[in-house]
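I opened this entry to keep track of what I looked up, in the order I looked. The notes follow the structure itself.

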Amino acid sequence: MALRAALLAATLICVAQAPTSARACGDGEAPTACDDPSPNGFASWMLGRVSQALQADRDKALAAFTAGANGFRTADTYVFCVGPDGVMTAHPNPILQGHDVRDLHDRTGNRFIQTMLDTAKTGQVAVIHYLFPKPGSTIEEPKTTYYTKAGDQMCAVGVYDTDAAAPAAATPDGRVAQLRQKLDGEIPTQARADWLAFLEALNAQGDAKTAAIAQARRDMRAATAALDSAGARPAGQD
């Protein structure tokens, strides 16, 4: 919870800027078409470059990923890596650098980093979906991330599902998200700490409700199993 709170705070004060030298689809060595028919065409290309860079010079590569240098950052995509000990070795957000992020999770309880560490394989690109705030925002938004194992590192690139998430704006949750995003830009600096505390309390409340519902479902399944095992039948039946 502490790391998650720190991350929310950092997104408000640390907005990493894409370097001007970063390549995008259609530029330089990047894929020649922006409408690559494969769902992870750009991600696979980028992760291929990541593996090559790590093999050539691990430390230099991790520094480049963090800085978004040498074409490892576009406006919407960046590289991040996690070592075998769960420590974030490359990420544009400095609040995550050097920290064990295995317990990092979104508001649904999805521990996406741990999942990626457990399932990443050399030479294979896998995909995972989770919620994560954009730089400069505290709103967790749907994100699709592609990842692989490169040497002893799990490295990934992700994109925010802005188009897919757009229809959700018409729902109550979507409306709340819109209001929170608007307030993020209007809350005075001196009130930031209270605003972040409120958001964390709101997230904790949602987490508690989710946990309670999950426990109730488990209890119902256990009760059903116990009744079946005892051969119990509803009243009025033989």
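I began with strand E4 and strand E5 (residues 153–160), which pair in the antiparallel sense over eight bridges. The model I am reading is a predicted one. Within this pairing I found lysine 143 opposite tyrosine 160 in E5. I then looked at the hairpin of E4 and E5, where two residues lie between the strands and glycine 151 takes a positive phi near 65°.

Next I checked the pairing of E4 with strand E3 (residues 126–133). These two strands are also antiparallel, over eight bridges. I noted one set of partners here: proline 133 is bridged to glutamate 140 in E4.

Is E4 mostly covered or mostly open? I found nine of its eleven residues buried, so I noted E4 as mostly covered.

Which side chain makes a polar contact with that of threonine 145? I found tyrosine 130, at 2.8 Å. Leaving aside neighbours within four places in sequence, I listed the residues in contact with threonine 145, among them Phe80, Met116, Ile128, Tyr130 and Val157.

I turned to charged pairs. Side chains of opposite charge can pair when their charged atoms come close. How many salt bridges does the count come to? I have five in my notes.

One of them joins arginine 107 and glutamate 140, with the closest N and O atoms 3.6 Å apart. Arginine 107 lies in the loop between strand E2 (88–90) and helix H4 (112–119), and glutamate 140 lies in strand E4, so this pair ties together parts that are 33 residues apart in sequence. I looked up the accessibility of both partners. Arginine 107 is partly exposed, at 37% relative accessible area, whereas glutamate 140 is buried, at 10%.

Another salt bridge is formed by arginine 102 and aspartate 100, whose closest N and O atoms are 2.5 Å apart. I found arginine 102 partly exposed at 31% and aspartate 100 partly exposed at 39%.

Last, I looked at arginine 58, which forms a salt bridge with aspartate 59 at 3.4 Å between the closest N and O atoms. Arginine 58 has a relative accessible area of 35% and is partly exposed; aspartate 59, at 57%, is exposed. I also noted a network of salt bridges that links Arg58, Asp59 and Asp152.

Technical notes
Residues numbered from 1 in each chain as written. Predicted model: local features only at pLDDT ≥ 70, side-chain atom pairs only at ≥ 80, totals over all residues. Heavy atoms only, no water. Polar contact = N/O pair within 3.5 Å; in protein donor to acceptor, adjacent residues only side chain to side chain. Contact = heavy atoms within 4.5 Å. Buried < 20%, exposed > 50% of the residue type's maximum accessible area, 1.4 Å probe, protein only. Helix = DSSP H or I, 4+ residues; strand = E, 2+ residues; numbered from the N terminus. Pairing = 2+ DSSP bridges. Salt bridge = Lys/Arg side-chain N within 4 Å of Asp/Glu carboxyl O.
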